[in-house]
Amino acid sequence: QVQLVESGGGLVQAGGSLRLSCAASGRTFSNYAMGWFRQAPGKEREFVATISRTGLTTYYADSVKGRFTISRDNGKIMVYLQMNSLKPEDTAVYYCAADRLRTAQAMGVSKNGMDYWGKGTLVTVSS
């Protein structure tokens with residue numbers, strides 16, 4: 001069983017930065033590929049970024065590539081999302097996800113059937 005708790009969301013002006021954190025429980029954290037997804041009002045949840053179990057491989061949605069960076073610390077059992085050059089269209093609830101069997105690449109292809117989800121943290125970017 002893995003529990004995921006996101007933090008770090010808030011209100012920021014366009015062009016600003018935020019760092020989201022995802023604290024995970026469980027001794028087998030390093031066995032899970034991890035990812036960040038987001039859901040804007042009235043829209044479906046979408047892929048943002050994923051990271052492999054070792055942290056060596058990352059994947060990004062085209063809309064955030066070059067602006068967001070995903071990382072993980074297996075010792076601290078944490079996953080991070082550094083978000084720079086934020087835009088109003090980045091406004092959404094951001095969710096942390098974990099999957100034991102799929103690769104980080106596969107997590108980015110389909111959000112369905114993910115093993116664990118956090119409850120989300122709200123990011124609001126004002127223009």
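The legends below describe close-up views of aromatic pairs, charges over rings and a disulfide in a predicted model.

In this predicted model, local features need pLDDT of at least 70 and side-chain atom pairs count only at pLDDT 80 or more, while totals for chains, interfaces and linings use all residues. Residues are numbered from 1 along each chain as its sequence is written, and side-chain values use heavy atoms, with hydrogens and water left out.

**View A. The aromatic pair of Phe37 and Phe47**. The structure holds 4 aromatic pairs, where rings of Phe, Tyr and Trp (its six-membered ring) pair if their centres lie within 6.5 Å, and planes under 30 degrees apart count as stacked, over 60 as edge-to-face and the rest as tilted. One of them joins Phe37 and Phe47 in an edge-to-face arrangement, at 6.1 Å centre to centre and with 65° between the planes. This pair links distant parts of the chain, 10 residues apart, with Phe37 in strand S4 (residues 33-39) and Phe47 in strand S5 (residues 46-51); strands (E, at least two residues) are DSSP runs, numbered from the N terminus. Phe37 is buried at a relative accessible area of 1%, and Phe47 also counts as buried, at 19%, given that buried means under 20% relative accessible area, exposed over 50% and partly exposed in between (1.4 Å probe, protein chains only).

**View B. The aromatic pair of Tyr95 and Trp117**. The ring centres of Tyr95 and Trp117 are 6.4 Å apart and their planes stand at 90°, so this pair is edge-to-face. Tyr95 in strand S9 (residues 92-99) and Trp117 in strand S10 (residues 116-117) are 22 residues apart, and their pair links distant parts of the chain. Tyr95 is buried at 12% relative accessibility, whereas Trp117 is partly exposed at 29%. Together, Phe37, Phe47, Tyr95 and Trp117 form one aromatic cluster.

**View C. Arginines over the faces of Tyr80 and Trp117**. A charge sits over a ring if NZ of Lys or CZ of Arg is within 6 Å of the ring centre and within 35 degrees of the ring normal. Arg19 lies over the face of Tyr80, at 3.9 Å from the ring centre, and Arg45 lies over the face of Trp117, at 4.5 Å from the ring centre.

**View D. The disulfide of Cys22 and Cys96**. A search of the whole structure finds 1 disulfide (a pair of cysteine sulfur atoms within 2.5 Å), which joins Cys22 to Cys96 with an S to S distance of 2.2 Å. The link of Cys22 and Cys96 is left-handed, with -85° about the S-S bond. Cys22 lies in strand S3 (residues 18-24) and Cys96 in strand S9, so the pair ties together parts that are 74 residues apart in sequence. Both Cys22 and Cys96 are buried.

Conventions. Helix = DSSP H or I, 4+ residues; strand = E, 2+ residues; numbered from the N terminus.
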